[in-house]
Amino acid sequence: MTNLIVYYSRKGENYWNGSIKNLKKGNTEIIAEFIKNAVGGDLFEVDTIKPYPADYYACIDEAKKELRANARPAIKGYIDDISKYDTIFVGYPNWWGQMPMCMCTFLEHYDFTGKKIAPFCTNEGSGMGSSERQLKNICKGANVVSGLSIHGAESVQSEAQVAAWAKKNVR
């Protein structure tokens, strides 16, 4: 059995220590790669068919509308078979205290009974928000462990912290 690291990450304009910064690689993607380096596994990036706006503030406005509407934005693809995975790391930016709704689209496609779900998120100060509860509601039958919250602006410097958390969750 192997690990799956599934994530949504925003490239381009991001909120970064009180201002907007253009990122070539999203913070959550950086954390996902640190997990892969630490414990191995398959990476899968969730991506929406309709891109979020390039402007950061327009993007989070769109994310708020999706959350309020309990929307399920269409995504570009799914994993054919998750049965070979014991531990599934689920990563996302914390938007409005939750996972982006495209992660719900992805997760609701599967039966996670007997799987371990290890959530991780990037944020600029809101921690995990209520995303762990959100995951427990979506991933019925899974063991959702305590998540890892990484301050987005510190994602590049977080490899040791991420590796220690990931290793603890695959034992």
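Which residues does Asn-169 touch, not counting those up to four places away in sequence? I opened the predicted model with that in mind.

**Entry 1: Asn-169**

I found Asn-169 in the segment after helix H5, which covers 159-168. My list of what Asn-169 touches, once residues up to four places away in sequence are set aside, reads Thr-87, Phe-89, Lys-116, Ala-118 and Val-145.

**Entry 2: H1 against H5**

Who meets whom here? From H1 I wrote down Ile-31, Phe-34, Ile-35, Asn-37, Ala-38 and Val-39. They meet Glu-159, Val-162, Ala-163, Trp-165, Ala-166 and Lys-167 of H5. Sorting the residues of this contact gave me nine nonpolar, one polar and two charged.

**Entry 3: two loop residues with positive phi**

I then went through the backbone angles. Asn-70 has a phi near 55°, which is positive, and it is a residue other than glycine. I located Asn-70 in the loop between helix H2 (56-69) and strand S5 (85-93). With a relative accessible area of 48%, Asn-70 is partly exposed.

Trp-96 went on the page too: its phi is positive, about 60°, and it is not a glycine. The loop that holds Trp-96 runs between S5 and helix H3 (101-107). I get a relative accessible area of 41% for Trp-96, so I filed it as partly exposed.

**Entry 4: the whole chain**

I counted five helices and eight strands. Read from the N terminus, their order is β-β-β-α-β-α-β-α-β-α-β-β-α.

How does the radius of gyration sit with that of a compact globule? For 171 residues such a globule would be near 16 Å, and the chain has 15 Å, so I wrote that the chain agrees. Along the principal axes, the C-alpha atoms fill a box of roughly 40 × 35 × 25 Å.

I checked burial over the chain as well, and 52% of the 171 residues count as buried. For contacts between residues at least 6 apart in sequence, I noted that 79% join residues at least 24 apart.

Methods: Residues are numbered from 1 along each chain as its sequence is written. This is a predicted model: local features need pLDDT of at least 70, side-chain atom pairs count only at pLDDT 80 or more; totals for chains, interfaces and linings use all residues. Side-chain values use heavy atoms; hydrogens and water are left out. Helices (H or I, at least four residues) and strands (E, at least two) are DSSP runs, numbered from the N terminus. Contact means heavy atoms within 4.5 Å. Ala, Val, Leu, Ile, Met, Phe, Trp, Tyr, Cys and Pro count as nonpolar, Asp, Glu, Lys and Arg as charged, and the others, Gly among them, as polar. The radius of gyration is taken over C-alpha atoms; the globule rule is 2.2 Å times the number of residues to the power 0.38. Buried means under 20% relative accessible area, exposed over 50%, partly exposed in between (1.4 Å probe, protein chains only).
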